[in-house]
Amino acid sequence: MELSGESAQGTARSGEPSPASADLILRARHGDGAAWEVLVHAHQEPVFRLAYLFLSDADEAEDIAQETFIRAYQALERYDMQRPLRPWLFSIAANLARNRRRSIGRFMNAWKKLVREAGSPHSPEQNGLEQHWQSRALWNAVRRLNENDQHIIYLRYFLDMSVEETATSLEIAEGTVKSRLHRAIDRLREIIQREDPDLKDFWK
């Protein structure tokens, strides 16, 4: 039995899921992939729009939307059938988007602090669009590092781990964390200076 996206997203007057939506959820809980695909199709656009409002970036919003439905499917057994589905999906998407935005912000703040401590600061006032562009450009530069360098930068700055926590996670000494991080930042600096000249202002 095929159900349209409109049928899948309806709710009863009481605020409970519509019979069609409830049936699809029950079928998805029992492993019916087609039923889950109908639900995803019905809700993916509003979930994407919500993520975009948080992040102002289509690629980031698409990633968050995909992760939202993965998380929702994994938690489907715990979903309260008395609640409409869309607000539940929105709460998952909002939490993921807020975490992503905080991660980018933490990295930007940590990066600027590193530059200032290196004795070569250049921190002009920037509007939100410029900050967002720099976040994306820096992340693309990080992705050009080798896996070990990416890992230590991700743990230390994106996840905001302390040196001690990073050392525990990687099962290495704290001094090793500091030396590896120093080398990773130096290599990142070289990549940006060589391949991202539009970010050269960080070293003026």
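The largest nonpolar core has 31 residues; such a core is a set of buried Ala, Val, Leu, Ile, Met, Phe, Trp, Tyr and Cys residues joined through side-chain atoms within 4.5 Å. Buried stands for under 20% relative accessible area, exposed for over 50%, and partly exposed for the range in between (1.4 Å probe, protein chains only). This is a predicted model, in which local features need pLDDT of at least 70 and side-chain atom pairs count only at pLDDT 80 or more, while totals for chains, interfaces and linings use all residues. Residues are numbered from 1 along each chain as its sequence is written, and side-chain values use heavy atoms, with hydrogens and water left out.

Ile-25, Trp-36, Leu-85, Trp-88 and Leu-89 have the most contacts inside the largest core. Two or more residues each come from α2 (19-29), α3 (33-55), α4 (58-74) and α5 (85-117), and α3 gives the most, with 10 residues. Helices here are DSSP runs (H or I, at least four residues), as are strands (E, at least two), numbered from the N terminus. Beyond its neighbours within four places in sequence, Leu-85 is in contact (heavy atoms within 4.5 Å) with Ile-25, Leu-39, His-43 and Tyr-79. A second, separate core of 21 residues includes Phe-107, Ala-141, Leu-155 and Ile-172.

Helix α3 also holds Ala-51, which is buried at a relative accessible area of 1%. Not counting residues up to four places away in sequence, Ala-51 touches Ala-61 and Ile-64. Ala-65 is 14 residues from Ala-51 in sequence, and their C-alpha atoms are 6.9 Å apart.

Rings of Phe, Tyr and Trp (its six-membered ring) pair if their centres lie within 6.5 Å; planes under 30 degrees apart count as stacked, over 60 as edge-to-face and the rest as tilted. The count comes to four aromatic pairs. One of them, Trp-36 with Tyr-73, is tilted, at 5.4 Å centre to centre and 55° between the planes. Because Trp-36 lies in helix α3 and Tyr-73 in helix α4, the pair ties together parts 37 residues apart in sequence. Trp-36 is buried at 8% relative accessibility, whereas Tyr-73 is partly exposed at 37%. Ring pairs link both to Phe-69 in a cluster.

Helix α7 (residues 147-158) packs against helix α9 (residues 174-195) at an angle of about 110°, with axes 9 Å apart. Axes are lines fitted to C-alpha atoms, for helices over the stretch in contact, and angles run from 0 to 180 degrees between N-to-C directions. Angles under 35 degrees count as roughly parallel, over 145 as roughly antiparallel, 65 to 115 as roughly perpendicular and the rest as oblique; α7 and α9 are therefore roughly perpendicular.
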